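Have the viewer open and follow along.

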Amino acid sequence: MNVRTEVTEHGVAHVLLCRTRKRNALDRTTIEQLRDVVAGLATRSDVRVVVVRGQDGVFCAGADIGDWAAPSPQEAAVLSQLGQDTFDALADLPVPTVAVIEGCALGGGLELALACDLRISTSDAVLGLPELGLGNLPSWGGTARLVDVAGLGVTRHLLLSGELVDGARAAALLVVTSAHPQDGLDAAVEATVSRLLAAEPHALALSKRVLRELRSESSLEAALAAYTAGLESSRARKQAFLESRRTSRAARAAASTAEAS
């Protein structure tokens, strides 16, 4: 399983991305598993807080480029809608959700974090929306959610420039709720979860309902992301990216073999 769940006796549901060999990148299978996990949590009366985290110190490197390298228009539309529906369901849970960001939250990974109510990051984590450099647009609701949490100016800058920022800078921009040294991260998460558990559950659910009515939405996002994924220029950029990764891995393997000998 690429997504695992554990619910503590206190009602904290820990959702863990476990596709570590791909830095927890979101391929179709992983998103489908996340969708099913979220649907299951929505039916449980014993869950009071949901914490989303990546295994092995990496939150999520984003959408799996392999899925987006050369999809048909139909495949791109399905992938866009699947991710958007899954993240919408996460955002619509009646209990508070917390993303714990370590390592990186890039592209679709940042969109996943933005679908949570709160985001707690390490100071040195890397966050951003690099999609335009690959000829794509965010497709899973992240643009509108980033406007909600950080404002239109910050969204313009991060989306159009593709700049990657560390957790401390992301906190200053309000992209994340707070940023902490690695050795203080777990304590910060625990303190936040404790505050959420101390609140009255029905009041929390009603507050989320009110906030849901105020959030921004963009009906164009998924459709435009699916469209750009099919452009030849977009496909060429993603193929070049994949090739550069293969070359890099081969060079590291050769260096490692040389050192061993």
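Ser80 touches Trp68, Ser139, Trp140, Ala222, Ala225 and Ala226, leaving aside residues up to four places away in sequence; contact here means heavy atoms within 4.5 Å. This is a predicted model, where local features need pLDDT of at least 70, side-chain atom pairs count only at pLDDT 80 or more, and totals for chains, interfaces and linings use all residues. Numbering starts from 1 along each chain as its sequence is written, and side-chain values use heavy atoms, with hydrogens and water left out.

Ser80 sits in helix α3, residues 73–91 (helices are DSSP runs of H or I, at least four residues, numbered from the N terminus). With a relative accessible area of 0%, Ser80 is buried, a label for anything under 20% with a 1.4 Å probe, protein chains only.

Phe87 is also in α3 and is buried too, at 0% relative accessible area. Its contacts, again skipping residues up to four places away in sequence, include Leu26, Leu34, Glu111 and Trp140.

Now for the helix pair. Helix α1 (residues 28–42) packs with α3 at an angle of about 30 degrees, the axes being 9 Å apart; axes are lines fitted to C-alpha atoms over the stretch in contact, and angles run from 0 to 180 degrees between N-to-C directions. So α1 is roughly parallel to α3, since angles under 35 degrees count that way. Among the residues making the contact are Ile31, Leu34 and Val38 of α1, and Leu79, Leu82 and Phe87 of α3.

Note on methods. Helices (H or I, at least four residues) and strands (E, at least two) are DSSP runs, numbered from the N terminus. Buried means under 20% relative accessible area, exposed over 50%, partly exposed in between (1.4 Å probe, protein chains only). Angles under 35 degrees count as roughly parallel, over 145 as roughly antiparallel, 65 to 115 as roughly perpendicular and the rest as oblique.
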